[in-house]
Amino acid sequence: MPTLKELSSRPERFVSGHRLCPGCGAGIVARQVMLAINKPVVVGCATGCLEVSSTIFPYSAWKTPWVHSAFENAAATISGAVAAYQSLKKQGRISQEAVFVAFGGDGGTYDIGLQSLSGAAERGHRMLYICYDNQAYMNTGIQRSSATPLGAHTTTSPAGRVLPGKLQHSKDLPAIMVAHGIPYVATAVPGRWNDLVTKVDKAVNCGGFAFMDILSPCRLGWPHEPALTMEITRLAVETCIWPLYEVVEGKYRLTYRPKEKKPVTEWLKLQRRFSHLFKPENASLLEEFQKSIDRGWEQLLKKCESA
Amino acid sequence: MEEKKATWKELPEADVLEGGSSLQFKTGNWRSSKPLHHMDKCIHCLLCWIACPDGAIVVKEGRFLAINEDYCKGCGICAHECPKKAIEMILENK
Amino acid sequence: MGQNGKKVAKTGNEAFAEAMRQINPDVVAAYPITPATEIVQIFSQFVADGAVKTEFVPAESEHSAMSACIGASACGARSMTGTSAQGLALMWEMLYIAAGLRLPIVMAVVNRALSAPINIHCDHSDTMGARDAGWIQIFSENVQEAYDNLIQAVRIAEHPEVRLPVMATTDGFILSHCLETMEMLSDEQVRQFIGPVPARENLLSSLENNRPITLGALDLQDYYFEHRRQVAEAMVKAGPVISGVAEEFGQRFGRTYGFVEPYRLDDAEVAVVVMGSTTGTAREVVDKLRSAGQKVGVLKIRVFRPFPVEEIVRTLSPLKAVGIMDRADGLNAFCGPLYPEISAALYDEASRPKLVDFIYGLGGRDVSPANIEEIFSDLLQVARTGKKNFNLKYTGVRE
């Protein structure tokens, strides 16, 4: 694992001057991922916050070849780029080594882009797909996604007089990706940069399709104090809301175990999207939230033990 | 910040543009507060650098050098992450 | 006719697949759909047999197939695909993006009716719906043309002044599944005609040169219009390039093509405008009516995008009445898609014919010589009286 000193000697390929919000998690994720890849890299982005904020013509924050075509197809677009690379390499028309990375938000990944993601994973293109997961459609103004947690207030799952925010749990996308039989799947958070950087390095060197789901706080949509962006992701790990693990060739492994599992309320109370859950009438929902996290954590531990 | 805008005949084909050109776009004027760094407390752990969404912490040869105010948006993550409280957020003087 | 051509019997789909083998693209990404399935099926076998150098991406949908072509083309790879109807409809979003990013993707399209009701047979509603997407569109009358058009499409798309995607089409089943004799060029002739991909800055070259580019950035109010203006200009520039490529093709291989193909129009008073496989039937009817002394003719449109305004004005303005045979409906309570463009092209002419729209052949409805005779009979009456009793007629539907 490279030290921060070593990382700081690498060229920045996601550079300053982008227009993500102050304190945006996606900016940290993009920087850390790009620093972690110590090879020439071609990047594709799905439409979303990261894409629109980093490439407003005529300014691009990507100091590496970068392409955007649409919202639901970052995996398909990059799969074509990988095919081109392999074809030209085979023909001796290029000599440059390159790795390929696609970024999508949870909208472009869990929902509208799931088909294209699944297709590219099944075909096994040699690429890393990164979901910077801010748990709602933030770019269009905080609408629910299938990554939005239970009870969260969004503009299309608002907390109101009769409804307590989102009624459904988020889906387990990493498990769906594991089911594709791809060589590498992992979760990460920017607040544990060393874990993230290590995993990105493994992912781009795994020899096939790799998927990472990276929790990416949205100070406007969650919303939280912008200074807490890194802290809040560590708290997601400590509460087991966002456990850190990797799945190498189908084998689960925890990459970090909290010393003492904190109650979910520690994480929820920092974000206004959950403030209504602390009202007495929503006590049972809060309880259900904790139970579902406990259940998920136990299941994950079992998967790790059996591996 | 006003750039001379090219005509359709002058612009490169498609919307191709130079990677990394956002360095010409300064976001420092977004700030309402700014980080004040105290070198005497700094241990050069670089945790501020890896946490900055805007790449606004300048590091030279593995050591903290400065905060680049051209890009710092004043989010305060660096101050929060600093284990030695070497960075404090102060109101931006306009 | 041709020089060095080898006479073979091929269906439209086989001809497209053979042309693709000879073009030998760097990347093909495709998804099967009736009646275009065979193109990708036959091509897959070429890949499996090592007959091509192509990286084949068997995408999970047409949307992803076009997306993969976009990613590949953005890396400087010669990229191709093929589809039809619903598949083209699923690509819609990406068609505009391929053109807007100026990527010279070449696509074999087999024209088929759009659902609903679901139908697998020919009409032109699929590609007509893509008419404003920024793709060059070349229609084929027969299997030979389909083959020749696809090969020319590569040169047109990649020309430095154009750099727009091109679709070459055949009529579903009528051409795609119909065995015809055609002359096939040698692999070497095709290779020499299309040449290597012209050098151009792309994602991979920019990585090699260490001057990384960004492609597909967000244009706001201050740049979008300029970039779209460039696309419009590329379509203008495509005109002479299409002519030049056709001329060179003719010189080398003995088959010449224009934007339009007039048939017995020189002294005609009445004509129909057609696209695709119906042209042959229309010619037969013209011959029959000519022998009965009627001054009738046909104008075939081969290149629909860019729209051949000059050729249309030159050939149609002297006529008295023209019937536009639209194999798609506009569902606009007025006319099909071809009619208004021809009408607009002729509007400013001092002398111009009366125009009548005939929507025909939807969902593969057979168009018989009798249908076309009926159209001519209507048109001859308009020419005689100088008056139209109707603007639009549905030909061949049960009333």
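Which element supplies the largest share of the lining of the largest pocket? Helix 11 of chain A does, with 9 residues. This is a predicted model, in which local features need pLDDT of at least 70 and side-chain atom pairs count only at pLDDT 80 or more, while totals for chains, interfaces and linings use all residues. Residues are numbered from 1 along each chain as its sequence is written, chains are lettered from A and ligands numbered from 1 in the order in which they are written, and side-chain values use heavy atoms, with hydrogens and water left out.

**Largest pocket**

- The largest pocket has a volume of about 760 Å³. A pocket here is an open set of points on a 1 Å grid over the protein atoms alone, where a 1.4 Å probe fits, with protein on both sides within 12 Å along at least five of seven lines. Its volume is the space filled by probe spheres set on the points, which are joined across faces, edges and corners.
- The lining consists of 30 residues, and those nearest the centre are Ser170(A), Asp172(A), Ile241(A), Ile293(A) and Gly296(A). A lining residue has an atom within 4 Å of a point.
- At least two lining residues come from each of helix 7 (173-178) and helix 11 (283-306) of chain A. Helices (H or I, at least four residues) and strands (E, at least two) are DSSP runs, numbered from the N terminus.
- The lining divides by class into 17 nonpolar, 7 polar and 6 charged residues. Ala, Val, Leu, Ile, Met, Phe, Trp, Tyr, Cys and Pro count as nonpolar, Asp, Glu, Lys and Arg as charged, and the others, Gly among them, as polar.

**Second largest pocket**

- The second largest pocket holds about 550 Å³ of space.
- It is lined by 30 residues, with Gly76(C), Pro198(C), Arg200(C), Glu201(C) and Asn202(C) closest to its centre.
- Helix 8 (203-208) and strand 9 (213-215) of chain C give two or more residues each to this lining. Helix 8 of chain C has the largest share, 4 residues.
- The classes in this lining are 17 nonpolar, 5 polar and 8 charged.

**Chain A with chain B**

- Contact (heavy atoms within 4.5 Å) joins 37 residues of chain B to 36 residues of chain A.
- The two chains bury about 3,100 Å² between them, with 65% of it on carbon and sulfur atoms. Buried area is the accessible area (1.4 Å probe) that two parts lose on being put together, summed over both.
- There is 1 salt bridge between chain B and chain A. Arg234(A) pairs with Glu81(B) in a salt bridge, their closest N and O atoms being 2.8 Å apart. The term needs a side-chain nitrogen of Lys or Arg within 4 Å of a carboxyl oxygen of Asp or Glu.

**Chain A with chain C**

- Here 46 residues of chain A and 42 residues of chain C take part in the contact.
- Chain A and chain C bury about 3,200 Å² between them, 64% of it on carbon and sulfur atoms. Of the area that chain A buries against chain C, 18% is supplied by Phe57(A), Pro65(A) and Arg123(A), more than by any other three residues.
- The count of salt bridges between chain A and chain C is 3. Arg123(A) meets Glu60(C) in a salt bridge at 2.9 Å, N to O.
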